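These are my notebook entries on a structure that I had not examined before. I set down what I looked up, one topic at a time.

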Amino acid sequence: MNTPLPALPAPTSVPTLPRAVPVPPANAAGLSVWPASARLTSRGDVAVGGVSLVEAAERFGTPVYLLDEGEVRERCRTYLRAFPDTDVIYAAKAFLCRALLHWVQEEGLGLDVCSAGELEFAVTNGFPPERIVLHGNAKSPDDLSAALRLGVGRIVIDSAWEIARLSALIPDGARQKVLVRVVPGVSAGGHAAIRTGTDDQKFGLSLADGSAQHAIARILDQPHLELAGLHCHIGSQITTVKPYLTALRRMVGLLAHVHRQHGVVLPELDMGGGHAVAYRPGEDPLDIPSLGDRLRRELATSCTAAGIPVPRLTIEPGRALVGPAGVALYRVLAVKRNGDRVFVAVDGGMSDNPRPALYGASYAPRLIGRRSTAEPCTATVVGRHCEAGDVLAADATVPDDIHPGDLVAIPVAGAYHLSMASSYNAVGRPPVVAVHDGRARLLIRRESLADINGRDIGL
């Protein structure tokens, strides 16, 4: 029997949001990777969610992150339409805050967390623990204890060590549902640092060397563990459906092996996330409706051929839900012209967006707040930190007359910016502001020097 994650009650007070209206043709080229609500104004400003970016910068200061609530909700609904009868689980590592938790819960999604901290944050803010999946390649005893104490829905076994460790924590008479994370031997993803489907990285148990099969057999012998199914995640920023289909076929092959070897039908298959978004105009995001159609058809076909029941499918989008909903705003502090190079320094940097430094992420910054008639030039947008690698955009196109005081906006800033941020150089992390229907409201306040001082208690 295929048992889905427990259903959420139907929301009673969630406003019905209209489907986001496409950007008008005149704006489409320049704003193609922006939230669908983005609109150009007559003064060179851009409005997102009906809120002027210039006014947001004046009200909240810079750097500041804006998150379009309507864009997040519509992306949740896109997934639910593309994946009927599927558990869609938001990968909280992309970005986590109270408001976002409530948005995804109200839209009917589950949650994927990677630590006791993320888990407790979610549960204490009202997210149903039975709809949460706990991940992690090196879960601490505190992580596992918190998961059991709070009643998490699924724990993903990522190493053989976790089997005995978790079993020892479960009291007599209780059982915990688990999934086994399998490495299917599929290479996919936009950078070596975010490819997780092959044996040369830290996640999961190998299909090729038999580690996954051995872990499955051990779990089936544990009275306190209930093996609910298999899990795989092959990488991030994957632009085509083909790698997912390859991984799915190998996972179905393992499900069939478990059935033959142990006489057990596993009811769940979690295919992870990693769905690409476009960071710059002209880039191709992963086609989610196509992914949903082809993945579900291939699952049915492969299971029929293998002679096993079709398991319930789970997917775990993160970046694809929140990345395109975010916009980061910065104020230009300095412009340097060193020979043929132009450097535009802003008041943020790698402390609020380490992605370019970590794996060469590229963005398309935009001057806002004034119309320029100057010729475009290629510039490197850099941050304020004491690192030569503090680069936000290496090949940005900006007006040649860009100068200190100008505002620069970077779209597709909703995922893995603030969730990976730091207070390097004692620069506080920026605030997060929700925009929707012409209103802006503060979700996370700016980190102050008092916050940083308050953690340092020794002398």
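This is a predicted model: local features need pLDDT of at least 70, side-chain atom pairs count only at pLDDT 80 or more; totals for chains, interfaces and linings use all residues.

**Entry 1**

**Entry 1. The open sheet**

I looked up the sheet formed by β1, β2 and β3. The three strands form an open sheet in the order β1-β2-β3, with antiparallel pairing. At the edges I found β1 (39–40) and β3 (51–52), each of which pairs on one side only. I then checked the pairing of β2, residues 46–48, with β3: it is antiparallel and runs over two bridges. Within this pairing, V48 stands opposite V51 of β3.

**Entry 2. V48**

I stayed with V48, which lies in strand β2. Is V48 buried or exposed? Its relative accessible area is 1%, and buried means under 20%, so V48 is buried. I next asked which residues V48 is in contact with, apart from its neighbours within four places in sequence. The list consists of W34, P35, S37, A38, L53, D68, V327 and V435. I also looked up the separation between V48 and R455, which are 407 residues apart along the chain. Their C-alpha atoms are separated by 35 Å.

**Entry 3. Helix α3**

D68 caps the N-terminal end of α3, with a side-chain oxygen 3.0 Å from the backbone nitrogen of G70. I compared the length of α3 with expectation. The helix covers residues 69–82, and at 1.5 Å a residue its 14 residues should span 20 Å. The end C-alpha atoms are 20 Å apart, which agrees.

How many of the 14 residues of α3 are buried? I found ten, so the helix is largely enclosed by the rest of the structure. The buried residues are E69, G70, E71, V72, R73, E74, C76, R77, Y79 and A82.

I selected R73, whose place is in helix α3. R73 has a relative accessible area of 2% and is buried. Its side chain makes a polar contact with the side chain of E106, at 2.6 Å.

I then looked up how α3 packs with helix α4, residues 98–106. The angle is about 35°, and the axes are 9 Å apart. On the α3 side the contact is made by E69, V72, R73 and C76, and on the α4 side by L100, W103, V104 and E106. I recorded the crossing of α3 and α4 as right-handed.

I turned to β17, residues 376–382. This strand is mostly covered, with five of its seven residues buried. I found two pairings for β17. With β15, residues 341–346, the pairing is parallel over three bridges, and A345 stands opposite V382 of β17. With β18, residues 391–399, the pairing is antiparallel over six bridges, and V381 stands opposite A393 of β18.

β9 pairs with β8, residues 154–157, in the parallel sense over three bridges. In this pairing I157 stands opposite V180 of β9.

P63 lies in the loop between α2 (53–60) and β4 (64–68).

I then noted D85, which is not a glycine but has a positive phi of about 55°. D85 lies in the loop between α3 and β5 (86–91). Its relative accessibility is 67%, and D85 counts as exposed.

A426 is likewise not a glycine, and its phi is positive at about 55°. I located A426 in the loop between β19 (407–411) and β20 (432–436). At 46% relative accessibility, A426 counts as partly exposed.

Notes: Residues are numbered from 1 along each chain as its sequence is written. Side-chain values use heavy atoms; hydrogens and water are left out. Two strands pair if DSSP finds at least two bridges between them. Helices (H or I, at least four residues) and strands (E, at least two) are DSSP runs, numbered from the N terminus. The expected span of a helix is 1.5 Å times one less than its number of residues. Buried means under 20% relative accessible area, exposed over 50%, partly exposed in between (1.4 Å probe, protein chains only). A polar contact is a pair of N or O atoms within 3.5 Å; within protein, one must be able to donate a hydrogen and the other to accept it, and residues adjacent in sequence count only if both atoms are side-chain atoms. Contact means heavy atoms within 4.5 Å. Axes are lines fitted to C-alpha atoms, for helices over the stretch in contact, and angles run from 0 to 180 degrees between N-to-C directions. A crossing is left-handed if the near helix is turned anticlockwise from the far one by less than a right angle, and right-handed if clockwise.
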